[in-house]
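This report walks through one structure, from a loop contact to a helix, the core and the charged pairs. Please keep the viewer open while reading.

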Amino acid sequence: MVVITGLTKNVQKGHLEEIFAPYGRIVAVDLPTFEVCEWAQDAALRPMALTAAGLNKGKAAIQYEDAAEAEKAASHMDGGQLDNAFLKVVVRVVDPVRPC
């Protein structure tokens with residue numbers, strides 16, 4: 001898995017899939033986004049909440065089929081640019097899920 005930080009708010013899941021696909025078979029992409037929360041019920045805060053709703057939080061995780069693909073993606077994309085922003089891309093080892 002690679003973790004990407006430094007994403008601009010314009011980046012969508014499809015952008016990441018397109019850019020990171022050449023390094024291997026992508027199994028999953030996690031791109032957390034802001035949502036309208038309960039605090040947005042306050043009329044004074046509502047414009048801020050609605051502006052941020054749906055935008056990504058500036059980070060993502062991409063799961064590749066194997067670790068070598070993740071290493072390749074990180075080595076090529078760390079420090080690269082996307083939407084005029086420099087990316088930080090690091091490999092994270094995912095522990096296998098253990099049954100309870």
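## A loop-to-loop contact

In which loop does Thr33 lie? Thr33 sits in the loop between β2 (26-30) and α2 (46-52). Helices (H or I, at least four residues) and strands (E, at least two) are DSSP runs, numbered from the N terminus. The model is predicted: local features need pLDDT of at least 70, side-chain atom pairs count only at pLDDT 80 or more, and totals for chains, interfaces and linings use all residues. Residues are numbered from 1 along each chain as its sequence is written, and side-chain values use heavy atoms, with hydrogens and water left out.

Thr33 is partly exposed, because its relative accessibility is 32%. Here buried means under 20% relative accessible area, exposed means over 50%, and partly exposed falls in between (1.4 Å probe, protein chains only). Thr33 and Asn56 are 23 residues apart in sequence, yet their C-alpha atoms are 4.0 Å apart. Leaving aside residues up to four places away in sequence, Thr33 touches Gly54, Leu55, Asn56 and Lys57. Contact means heavy atoms within 4.5 Å.

## Asn56

Asn56 lies in the loop between α2 and β3. Its relative accessible area is 1%, so Asn56 is buried. A polar atom of the Asn56 side chain lies 2.9 Å from the backbone oxygen of Val11. Such a polar contact is a pair of N or O atoms within 3.5 Å; within protein, one must be able to donate a hydrogen and the other to accept it, and residues adjacent in sequence count only if both atoms are side-chain atoms.

Beyond four places in sequence, Asn56 touches residues including Leu7, Lys9, Val11, Leu31 and Phe34.

## Helix α3

Which residues of helix α3 (residues 67-77) are buried? They are Glu69, Ala70, Ala73, Ala74 and Met77. These residues lie on the same side of α3 because they cover an arc of only 135 degrees around the axis, taken from the directions from the helix axis to the C-beta atoms. An α-helix has 3.6 residues a turn, so residues three or four places apart point the same way.

The buried residues of α3 pack against β1 (2-5), α1 (13-20), β3 (59-64) and β6 (88-91). Exposed Ala67, Ala68 and Ser75 are on the face turned away from the buried side. At the start of α3, a side-chain oxygen of Asp66 comes within 3.0 Å of the backbone nitrogen of Ala68. Gly79 follows α3 and has a positive phi, near 90 degrees.

## Nonpolar core

The largest nonpolar core has 19 residues. Such a core is a set of buried Ala, Val, Leu, Ile, Met, Phe, Trp, Tyr and Cys residues joined through side-chain atoms within 4.5 Å. Val2, Ile4, Leu7, Leu16 and Phe20 have the most contacts inside it. β1, α1, β3 and α3 each supply at least two of its residues. α3 gives the most, with 4 residues.

Among the residues that Leu16 touches, beyond four places in sequence, are Leu7, Val29, Ile62 and Leu82.

## Salt bridges

How many salt bridges does a search of the whole structure find? The search finds 2. A salt bridge is a side-chain nitrogen of Lys or Arg within 4 Å of a carboxyl oxygen of Asp or Glu.

Arg25 and Glu65 form a salt bridge at 3.5 Å, N to O. Arg25 is in the loop between α1 and β2 and Glu65 in the loop between β3 and α3, so the pair ties together parts 40 residues apart in sequence. Lys88 forms a salt bridge with Asp78, with the closest N and O atoms 3.9 Å apart. Lys88 is in strand β6 and Asp78 in the loop between α3 and β4 (81-82), so this pair ties together parts 10 residues apart in sequence.
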